[in-house]
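Visitor: Could you take me through this model a piece at a time, with the cut-offs stated as we go?

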Amino acid sequence: MSGVGAPSWDDCVLGAASALDAARASGVTLGCAESCTGGLVAGALTAVAGSSDVMRGGVVSYAVPVKHEVLGVSSEVLDEPGVGAVSGECATQMAEGARRVLGCDVAVSVTGIAGPGGAEPGKPVGTVWMGLATPLGTRAERFVFPGARDEVRRGAVAAALALLREGSMEAARAGR
């Protein structure tokens, strides 16, 4: 990572190469579902030559109807006050939906508030939820990234790629 602040794009591509190497070593395929990162996770993965051997694809579900209609995020999660599209519940359902629609072994999802506006009570700008779905199950993690919109997005990309790497190694330990 860069010394100060958000990771650079080059840092993100290095993280993608590491995630791809872990997937190859584990014998798993990867996918992603992205909202606030708008395809940057898939972009970092596909910036690495040869990524098509393990990268199945990505879904940019920026709009709520896409989260629901393509990824299968429930209306109950999306419509529930205090939950909604920026939540652990949404992130887990997005990751599970990505595994299903992309036919991959390990999927990461990213949903959050990149800014500069959009903050909600209890969800400041920079709040990002990520889901990780593997053959072992699904979990969500909450992050708060500092900085301007592009810094929040690059920070989220780097964290999502680290989760993909971690998920690949977990799947290998479980024998997929």
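Guide: A residue is called buried under 20% relative accessible area, exposed over 50% and partly exposed in between, with a 1.4 Å probe and protein chains only. The model is predicted, so local features need pLDDT of at least 70 and side-chain atom pairs pLDDT 80 or more, while totals for chains, interfaces and linings use all residues. Residues are numbered from 1 along each chain as its sequence is written, and side-chain values use heavy atoms, without hydrogens or water.

Visitor: Which residue of strand 5 stands opposite Trp-129?

Guide: Strand 4 (residues 127-134) and strand 5 (residues 137-144) run antiparallel and are joined by eight bridges, where at least two are required for pairing. The two strands form a hairpin with two residues between them, and the residue opposite Trp-129 is Arg-142.

Visitor: What is the angle between the planes of Phe-143 and Phe-145?

Guide: Phe, Tyr and Trp rings (for Trp the six-membered one) pair with centres within 6.5 Å, and count as stacked under 30 degrees, edge-to-face over 60 and tilted otherwise. By this rule there is one aromatic pair. Phe-143 and Phe-145 form a stacked pair, 5.4 Å centre to centre, with an angle between the planes of 10 degrees.

Visitor: Why does Phe-145 count as buried?

Guide: The cut-off given earlier for buried is under 20%. Phe-145 counts as buried because its relative accessibility is 14%.

Technical notes. Helices (H or I, at least four residues) and strands (E, at least two) are DSSP runs, numbered from the N terminus.
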